[in-house]
Structures are given as C-alpha cells and as structure tokens.
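Trainee: Could you take me through this model feature by feature, giving the general idea each time and then the case at hand?

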Amino acid sequence: MEYRRLRRNKAIRNYIRETKVTLEDFIYPLFVIGGENIKEEIVSMPGQYRFSIDTLLQEVKELVQLNIQGILLFGIPDKKDPFGTTAYCQGNIVAKAITAIKKEFPQLYIVADVCLCEYTDHGHCGVLCGAEVDNEKTLPLLAKASVSYAEAGADLIAPSDMMDGRIEYIRKALNESGYEHIPIMAYSAKYCSAFYGPFREAADSAPQFGDRKSYQMDPANRKEALKETEKDIAEGADIVMVKPGLPYLDILWQVKEMVKVPVCVYQVSGEYAMIKAAEKMGWIDGKKVAMESLTALKRAGADMIISYFTKDFAKGLLEEK
Ligand code: PBG
C-alpha cells in the first residue's frame, strides 16, 4: 500500500494535488457577427454561438456575473475582399464589439485576435501575390487591425496569422500610436492543424484554395516551435502561445521550460467538438474528459487557457462534486 496511502480519501487527494485549474486561468472565445438579435448556434460546436453585438452584450453580462475574467473576440464581417479590409476599416465589427463591451463592462479583459482569414474572400491569413501569401504586404494590414482594436479598448492584442516578423511590426505600430501599454500575446507555436475545422465553419474562414502549410507550422516539428517562440519573444511578445492544446502537450511543456514569459495554450475548436460529439453519442463522460484535458494543459505548463469550456467551468459543471 505504499503509493495508495495518499489516495485513500478525497481530503488527502485534495491536499496533495499538484495542479489546480481555476477560473482565473481561462479566456473564453466568442464570435461576433453584424446584424441584430442574432444568436446562432455553431453546428459543429454545440453550446457556442455567433452573436450580434446586442446579444453579445447579454452574453457578456452573464459571463461577468459568472466571474469570467477575460474573453477572446473573433469577428465575422458582412463583406470580404482580397485584402481583408473589414478587419481594420473604420467601424470594423471587432472594434465595434470591443467599444460596446468596454462601455458596459470596463473590467472585463478583452483579447483581440488579429488575423485576416475571417476577412479575406480567399480565406488566407494574409494578402496574396499570385497563389502565395505575401508576408511584407500583410504586415501593415495586421498592424492596422491591431491599432484599431487597441483604439477600441482591447486589453491584449493576439496575432494569429503566422507571418514572419509580425510581432516586431505590430509592437512598433502600437507604440507609435500611443499603445505602448498594450501587451502582445503571440500565437507563436501555431500548428497547421485539422483541429481548427469547426472554427473555420464558425468564422466561415476556410481557405478557398490550398491550405495554410506555407505559414502555419508542420505538426511533425518540435524544434521549429522553440525557434518561433524565441523569435517572437525577441521581437517583443509579452506572452506566447501553443496551439492546439492536447495533441501538443510536449510542445507546451518544452516551451514552458524554455521561456520566462507567461505561456498560454489554446484548446481549439476541434478538441471541443470531439469531446462534445463523443459525449452526445454517450461514449464518454464529456464533462470529466473536458476537466481532465484542462488539467493536463495546466500540468504541462499553461499559465492561461483559451477554452470553449470556460463557461461550463465557471458554472461549476466540470468540477467533481
Ligand atoms: C485565425 C484563427 C484560427 C483559430 C484561431 N485564430 C483559425 C485558423 O488558423 O485556421 C482557430 C481556433 C480554433 O480552432 O478554435 N487564423
């Protein structure tokens, strides 16, 4: 009974538990769309919705009451074009949403995802030159989007586009516009993952041709993730991210060992969808699997967790009674 002594009852298990997931760890992703009175469920992400700004405010009210500290916003624009203009134009949907939320709930921490794929008609994360994504032409547009979200009141800018040199470029643009105090969370080790499938349905952002392999990372590579992360920190990232979560625990662990800045992990749409689907089939206990996954992310080194399970966790649905 050598190892079992400390597992005999709940109290001792609680005392010696090394990893505790708390509500303060979470950031909740939300999708905002134009129009009014819209709250449409995303088919492949049961329990997650596209909100128009008015219904978003109702949702946010509930989140604040549940003591959720932060959200991550994604915009679904009315119009798309080759340059992703609606990502950064005056009155863009994300800036509008941020302004509206901050007016009513100034204490809620708002993270703004910065990318062009939801806003380009071709669905790529940058502007094209022929069939290729043009790195240098994309950087100023990402910077413009970043500044517009900061202007609207975003607390943290999170570029997810995977262009080279974007952190330095965005940092400079933020500083020059008077937003030196706004930190950047870099999607540093962002893999080219099929786990983003449901998100692309949610945001209508699947590439119309080809794939994202020329800018997102090859899932087979580990050292590259460490290099990308180091580079982003050197360019000025305040927080780095590993994405997806559970299939990349080894990367998360290594990044956490390597860096001194906080590390965020993104438990992505496909991870959420798999748990929800298997739960619906009656094949797993979805709540327990969700909790176990979140615990694994924290154990592997996450300081912050972006998760579609945030609200369920906040409601106390995931924790064992
Ligand atoms: C935008 C972006 C994506 C996700 C976050 N930001 C999609 C992608 O890169 O294709 C995925 C999030 C998720 O799957 O939950 N580039």
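**Charged pairs**

Mentor: Asp312 and Lys276 form a salt bridge in which the closest N and O atoms are 3.8 Å apart, and this pair links distant parts of the chain, with Asp312 in helix α11 and Lys276 in helix α9 (residues 269-280), 36 residues apart. The model is a predicted one, in which local features need pLDDT of at least 70 and side-chain atom pairs count only at pLDDT 80 or more, while totals for chains, interfaces and linings use all residues. Residues are numbered from 1 along each chain as its sequence is written, and side-chain values use heavy atoms, with hydrogens and water left out.

Trainee: What counts as a salt bridge, and how many does a search of the whole structure find?

Mentor: Side chains of opposite charge can pair when their charged atoms come close. The rule applied here asks for a side-chain nitrogen of Lys or Arg within 4 Å of a carboxyl oxygen of Asp or Glu, and the search of the whole structure finds 18 salt bridges. Lys276 and Asp312 also belong to a network of salt bridges that includes Glu279 and Lys287.

Trainee: Are Asp312 and Lys276 buried or exposed?

Mentor: Buried means under 20% relative accessible area and exposed over 50%, with partly exposed in between, using a 1.4 Å probe and protein chains only. Asp312 is buried because its relative accessible area is 18%, and Lys276 is buried at 17%.

Trainee: Which residue does Lys311 meet in a salt bridge?

Mentor: The side chain of Lys311 meets that of Glu59, at 3.0 Å from N to O. This pair too links distant parts of the chain, Lys311 lying in helix α11 (residues 310-314) and Glu59 in helix α2 (residues 53-65), 252 residues apart.

Trainee: Why does the count of disulfides come to zero?

Mentor: A disulfide is a pair of cysteine sulfur atoms within 2.5 Å, and by this rule the count comes to zero. The sulfur of Cys117 has its closest cysteine sulfur in Cys115, 3.8 Å away, which is too far for a bond. For Cys125 the closest cysteine sulfur is again in Cys115, at 3.6 Å, which is likewise too far. Cys117 is buried, with a relative accessible area of 6%, and Cys125 counts as buried at 1%.

Trainee: Where does Asp25 lie, and what does the side chain of Asp25 reach?

Mentor: Contact means heavy atoms within 4.5 Å. Asp25 lies in the loop between α1 (10-16) and β1 (26-33), and at 7% relative accessibility Asp25 counts as buried. The side chain of Asp25 reaches the backbone nitrogen of Thr22 at 2.7 Å. Leaving out residues up to four places away in sequence, Asp25 touches Lys20, Lys298, Asp303, Met304 and Ile305.

Trainee: Which residues does Ser148 touch beyond those up to four places away in sequence?

Mentor: With that exclusion, Ser148 touches Ala87, Tyr88, Asn92 and Ala95. Ser148 lies in helix α4 (residues 135-152) and counts as buried, at 11% relative accessibility. The C-alpha atoms of Ser148 and Gly91 are separated by 8.9 Å, although the two residues are 57 residues apart along the chain.

Trainee: Where is Leu318, and with which residues is Leu318 in contact?

Mentor: Leu318 is placed in the segment after α11 and is buried, with a relative accessible area of 6%. Apart from neighbours within four places in sequence, Leu318 is in contact with Lys287, Ala290, Met291, Leu294, Phe309, Asp312 and Phe313. Between Leu318 and Glu41 there are 277 residues of sequence separation and 21 Å in space, C-alpha to C-alpha.

Trainee: Is Gly210, by contrast in topic, buried or exposed?

Mentor: Gly210 counts as exposed, at 63% relative accessibility, and is found in the loop between α6 (197-203) and α7 (223-235). Gly210 and Met291 are 81 residues apart in sequence and 35 Å apart in space, C-alpha to C-alpha.

Key. Helices (H or I, at least four residues) and strands (E, at least two) are DSSP runs, numbered from the N terminus. A polar contact is a pair of N or O atoms within 3.5 Å; within protein, one must be able to donate a hydrogen and the other to accept it, and residues adjacent in sequence count only if both atoms are side-chain atoms.
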